Amino acid sequence: MVLRLSQLFLRTLREDPADAEVASHRLLVRAGYIRRAAPGIYTWLPLGLSVLRRVERIIREEMSAIGAQEVHFPALLPKEPYEASNRWTEYGEGIFRLKDRKGNDYLLAPTHEEMFTLLVKDLYSSYKDLPLSIYQIQNKYRDEARPRAGLLRGREFIMKDSYSFDVDDAGLDASYAAHRAAYLKIFERLGLEVVPVAATAGAMGGSKSEEFLHPTEIGEDTFVRSPGGYAANVEAVTTVVPADVDFSNAPAAEVRDTPDTPTIETLVDAANALAPRSEADGGAWTAADTLKNVVLAVTLPTGERQLVVLGVPGDRAVDLKRVEANIGAFLPIAGEITLEAANEEDLKKQALLVKGYIGPGLSLDAPLLGAEAASKLLYLVDPRVVRGTAWITGANEAGKHVFGLVAGRDFGWDGVIEATEVRAGDEAPDGSGPLETARGIEMGHIFQLGRKYAEALDLKVLDQNGKQVVVTMGSYGVGVTRAVAALAESNHDDKGLVWPRAVAPADVHVVAVGRGEEIFAAAEQLARALQAAGLEVIYDDRPKVSPGVKFGDAELIGVPTILAVGRGLVDGVVEIKDRRSGNAENVAVDKAVDYVVNAVRSN
Ligand code: ATP
Ligand code: MG
């Protein structure tokens, strides 16, 4: 079918939408691909659907190529399976919950591990049935705290989610590897650069996991790479831990008056004035010699608020995303949490924490001051705080710090956590060189879930020896609507969208420029001929619309080839323009179809 602009359900906009912060959001709205229905919730218009369908087709083909079969679950789900996995609670405010008329609880699925697990349990019972990979392309619902950037972070979005079921670990490894390879193909075919990086499993649980990040400045994820090939989301980077230090000759710790030193900077100045350190002992004190104690408030999925104190080297900032990714092991319950700096109210309830002068408790058993405090407060330290390291840190009294407080001798901790920022130049954990940092958008995520869900929901099969074994699972997601946005983000210029061929809403955009009937007749004929040649055609047949508006719309919509029928027609030529390079050529009317067909085929 030729899409005629005189009929197509489309209104392009001259003005940027007021709420759009990024180019993809602005342009997808202005070019008539999507419309906002509510925060983070979008309506798809014909052009947008066309791009979406093309993205989905590529994903389906590559899923099918690894033998994954498509199914389709409801988005509206009963609570019980999510209670069994505990995610009804763990998701906290992150999901949409609702009740039916009888008062039963339901949710809009944020992801479908539970349902897939139960479906397989329902139908399969033997190792002979496995391995199995099944997937769906479906709406997901998450009540994101900060829906953002249009389709990039929606509250309703489309995900392709697949799940693999294997009888043993080797099987899971194979299923995981097949998905990983399929993902690389999908993104290559979409024309979307991605970097696979090591990731943390987050709320999903499980062991091995990788994300596919599309490098871009507007990405919310930070990742690192080393010259030797290490790549990881900063959330998953582990610090190179220094060796323990022999402290047998270390002097006793000493409390000193350090009035008006509530910040690291003021403390370092005071330390150098009060107790200058000789060159032989390491020279002037720096922020790295201080132990900064940062109090965070964690809101658990149950809504309960808990304080955590982090002891980190004073030259390193706390990275909340890293804390969030790694603190789960220390909390009483798993699941989605929110983290923020503790506020005045929080601190008031903990009288022993003296703002600006907080330090570890002076006892190995009670990492923070007093048994009562210790039972309520967790004290976690950076991996650089190894046994024997000596620190300048708060003495838990206003205007006082303690010097030479030795880790493992004078103070202890409840745990070690990766909580500080990863910096460019830090060593890669595998010794493959200094890290470089970059930003990216998470396009896909693959997990070896292992037996967590199968255990929670009792998915077992009979193995070769007739014994019941718990199935091991993988879970694999691609953000389909997010892919549309990321493609728009990395394929645009100041005039509009510039789609890669694989996903463009059409192959060619024919524009009739001018008023003459013969121009419209020739354009009409070309549009039909292009369509007959197997191409998808948009034809701007609008009468009485100025050439400027028509070209403006063509550039905004972003079909890779624009064919203009206009003044040249009297000389027997049309203009064919490559939207991406901007190169235009006059081509004889009777050669135009071949020319476009070739252009489409060649890239
Ligand atoms: P993020 O860290 O960006 O919140 P996530 O880790 O919660 O994502 P997963 O649960 O791994 O996401 O979901 C699989 C894929 O679904 C992601 O890789 C991403 O491409 C996509 N996705 C997740 N959340 C959203 C969202 N709010 N809007 C659009 N796509 C999303
Ligand atoms: Mg993820």
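Two strands count as paired if DSSP finds at least two bridges between them. With that in hand, let's work through two exercises on this predicted model.

**Exercise 1. Work out how strand β5 is joined to β7, and where β5 stands in its sheet.**

*Solution.* 
1. Now count the links. β5 and β7 (residues 105-108) are joined by three bridges, and the two strands run antiparallel. The pairing criterion asks for at least two bridges.
2. Widen the view to the open sheet, where three strands follow the order β5-β7-β6 with antiparallel pairing.
3. Read off the edges: β5 (76-78) and β6 (96-99) each have a single partner strand, so one side of each lacks a neighbour in the sheet.
4. Finish with the twist, which averages 35 degrees from one strand to the next.

**Exercise 2. Find which residues of helix α13 are buried and how they are arranged around its axis.**

*Solution.* 
1. Check the helix span. α13 (residues 517-532) has 16 residues and reaches 23 Å from first to last C-alpha, close to the 22 Å expected at 1.5 Å a residue.
2. List the residues under 20% relative accessible area. In α13 the buried ones are Ile519, Phe520, Ala522, Ala523, Leu526, Ala527 and Leu530.
3. Look down the axis of α13: the buried residues lie within an arc of 165 degrees, so they line one face of the helix.
4. Recall the helical repeat: an α-helix has 3.6 residues a turn, so residues three or four places apart point the same way.
5. Turn to the other side of α13, where Glu517, Glu518, Gln525, Arg528 and Ala532 are exposed.

How values were computed:
Residues numbered from 1 in each chain as written. Chains lettered and ligands numbered in written order. Predicted model: local features only at pLDDT ≥ 70, side-chain atom pairs only at ≥ 80, totals over all residues. Heavy atoms only, no water. Helix = DSSP H or I, 4+ residues; strand = E, 2+ residues; numbered from the N terminus. Axes fitted to C-alpha atoms, helices over the stretch in contact; angles between N-to-C directions. Expected span 1.5 Å × (residues − 1). Buried < 20%, exposed > 50% of the residue type's maximum accessible area, 1.4 Å probe, protein only. Arc of directions from axis to C-beta.
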